[in-house]
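Here are some notes on the model, for your review. Please read them with the structure open.

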Amino acid sequence: PRAPAGMGDVPEPCPQAPLAVLSKVELRVSCKHLLDRDTLNKSDPCVLLLMQSQGQWMEVDRSEVIKSNLNPVFAKIFTVDYYFEEVQKLRFEVYDSHGQAGVGTHDDDFLGGMECTVGQIVAQKRVTKPLFLKYGKFAGKSTITIISEEISGNNGYVELAFRAKKLDDKDLFSKSDPFLEIYRIDDDRSEQLVYRTEVVKNNLSPIWEPFKVSLNSLCSCEEKRKLRCVVWDYDSRGKHDFIGEFFTTFEEMQKAMGENKVQWDCMNPKYKIKKRNYKNSGVVVLLDLKIHRVYSFLDYIMGGCQIHFTVAIDFTASNGDPRNSCSLHYIHPYQPNEYLKALVAVGEICQDYDSDKKFSALGFGARIPPKYEVSHDFAINFNPDNDECEGIQGVVESYQSCLPKIQLYGPTNVAPIISKVARVAADEERTKEASVGPSAPGAGLRPCAPGTLVSIPVLPQQYFILLILTDGVVTDMADTREAIVRASYLPMSIIIVGVGNADFTDMQILDGDDGVLRSPKGEPVLRDIVQFVPFREFKNASPTALAKCVLAEVPKQVV
């Protein structure tokens with residue numbers, strides 16, 4: 001075999017491709033009990049996928065036509081971009097196709113439709129819903145099932161540690177200077193260089209430095225894909241001497257996990273032919289293999305993690321008397337105030353990921369009945385044992401009924417509510433279990449592609465999002481910083497929406513975008529978990545613009 005071309009004085013490790021954020025979802029569709037529109041045989045169904053854009057339904061893609069089948073399983077896989085921070089409305093329409101005429105659009109060709117959001121499908125992984133005809137009429141017993149699966153642009157990386165023993169000596173006056181190369185053999189039999197180790201000088205039993213490669217790069221996430229490993233004797237002129245090679249797979253490499261080691265004979269094919277007693281040109285040993293999964297936000301949601309959404313509303317006196325039309329809390333008969341606009345915009349996104357659709361709703365900075373003492377973490381439904389409301393509409397109703405019963409006061413202390421949600425998140429951390437079950441042999445592994453295993457984390461069963469709606473400067477800044485640093489170790493994110501025209505400089509500090517937020521004692525946050533947005537910047541924009549801005553950071557904060 002020829003030595004690789006283009007080598008410099010010292011072989012450099014191959015550069016690693018940056019790890020991409022996963023943002024695409026595959027949707028697989030099947031139907032059952034479709035209506036039979038044909039006289040002589042069964043319907044020939046086809047599915048159209050439509051997505052809502054600016055209020056209009058636009059066709060994105062369509063499936064193949066399956067002939068004469070009322071229970072079709074479509075081979076076509078729909079691929080959609082996935083944005084956690086947006087409500088992405090989908091509509092699936094099933095039609096009876098008519099051969100060359102294609103898919104008709106007449107009512108008698110329509111077998112039924114179903115609407116949902118991408119978020120609902122991702123959260124549930126498998127959605128089965130009835131099909132409806134025009135005007136909300138059931139299409140008999142027809143159902144449609146949508147199964148979602150993330151397209152894994154990268155399923156993590158593997159850490160490998162190799163050494164060799166008793167390699168052939170290729171140098172006349174000294175020992176060989178070996179380095180190792182790993183090639184992936186693609187389907188077209190071409191070879192792609194995956195990694196090149198450093199050179200270990202003058203050593204026939206080298207120990208190379210451990211290195212990391214992505215599973216995509218190593219084996220295209222296919223554990224049975226063949227790999228070619230080559231050992232060379234380094235030559236400063238680039239004419240490296242071939243010592244030997246061996247073939248393996250990622251499946252075989254995985255035997256080196258834990259205390260086990262795997263080794264291969266390093267073979268020179270020419271020597272094997274020429275030398276009668278040839279055994280090998282040395283042995284290469286895989287000392288250790290560690291699989292590291294790169295977890296996407298989809299991993300958490302599709303692994304069974306639920307979003308627990310809490311809203312905290314500022315009821316301090318600086319908002320103005322709610323009976324006055326100038327107040328930020330004024331309930332206008334025809335349009336929502338800024339607090340309600342922000343609440344609904346963000347809450348409608350989160351509710352797709354919460355199975356029970358119940359949301360904790362808290363208030364701070366008001367005097368509350370019966371004693372009218374100031375509270376900084378009261379339930380706006382006035383039920384201290386259960387602060388949850390039924391859906392976003394339930395939060396809105398509790399907010400509206402709460403206003404006449406309280407006295408707006410102060411100061412603006414938000415640390416108590418952050419700490420309260422953090423305590424619930426901490427309790428979740430202490431009691432969490434792996435979504436995949438106990439750590440038995442083979443548990444904690446799942447396919448990232450057909451025939452590949454990668455490790456799954458012990459996922460939080462719930463992830464907590466705290467939405468704080470406030471009109472001004474935080475009074476307890478030191479306590480708030482401390483509470484945020486503590487919360488950064490928990491499965492929790494904090495969204496702050498500034499309502500009104502106050503000076504929100506302190507909020508920008510809490511956001512941490514301009515520097516690392518620290519506690520009063522100087523301890524930095526483990527993760528940047530705070531996102532601040534002044535509502536005035538979105539006052540004239542659509543509600544989705546605000547939601548997109550504040551929620552876009554959450555998937556990054558989760559991981």
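1. Where is the place of R91? R91 lies in strand β5, which spans residues 89–96. Strands here are DSSP runs of E, at least two residues long, and helices are runs of H or I, at least four residues long; both are numbered from the N terminus.

2. Before going on, the basis. This is a predicted model, in which local features need pLDDT of at least 70, side-chain atom pairs count only at pLDDT 80 or more, and totals for chains, interfaces and linings use all residues. Residues are numbered from 1 along each chain as its sequence is written, and side-chain values use heavy atoms, with hydrogens and water left out.

3. Is R91 buried or exposed? R91 is buried, because its relative accessible area is 15% (buried means under 20%, exposed over 50%, partly exposed in between, with a 1.4 Å probe and protein chains only). Its side chain makes a polar contact with the side chain of E115, at 3.3 Å. A polar contact is a pair of N or O atoms within 3.5 Å; within protein, one must be able to donate a hydrogen and the other to accept it, and residues adjacent in sequence count only if both atoms are side-chain atoms. Leaving out residues up to four places away in sequence, R91 touches L48, L49, L50, W57, F110, G113, M114 and E115. Contact means heavy atoms within 4.5 Å.

4. S142 sits in strand β8, residues 138–150. S142 counts as buried, at 1% relative accessibility. The S142 side chain reaches the backbone oxygen of H33 at 2.7 Å. H33 is also one of the residues that S142 touches, with residues up to four places away in sequence not counted; K129, P130 and L131 are among the others.

5. Now a helix pair. Helix α6 (residues 338–350) and helix α7 (residues 391–402) pack at about 160 degrees, with axes 10 Å apart. Axes are lines fitted to C-alpha atoms over the stretch in contact, and angles run from 0 to 180 degrees between N-to-C directions. The two helices are therefore roughly antiparallel (an angle over 145 degrees).

6. Which residues make the contact of α6 with α7? From α6 come Y339, L340, L343, V344, G347 and E348; from α7 come I392, V395, V396, Y399 and Q400.

7. For the whole chain, the secondary structure comes to twelve helices and 28 strands. Of its 559 residues, 51% count as buried. Among contacts between residues at least 6 apart in sequence, 71% join residues at least 24 apart.

How values were computed. Parallel < 35°, antiparallel > 145°, perpendicular 65-115°, else oblique.
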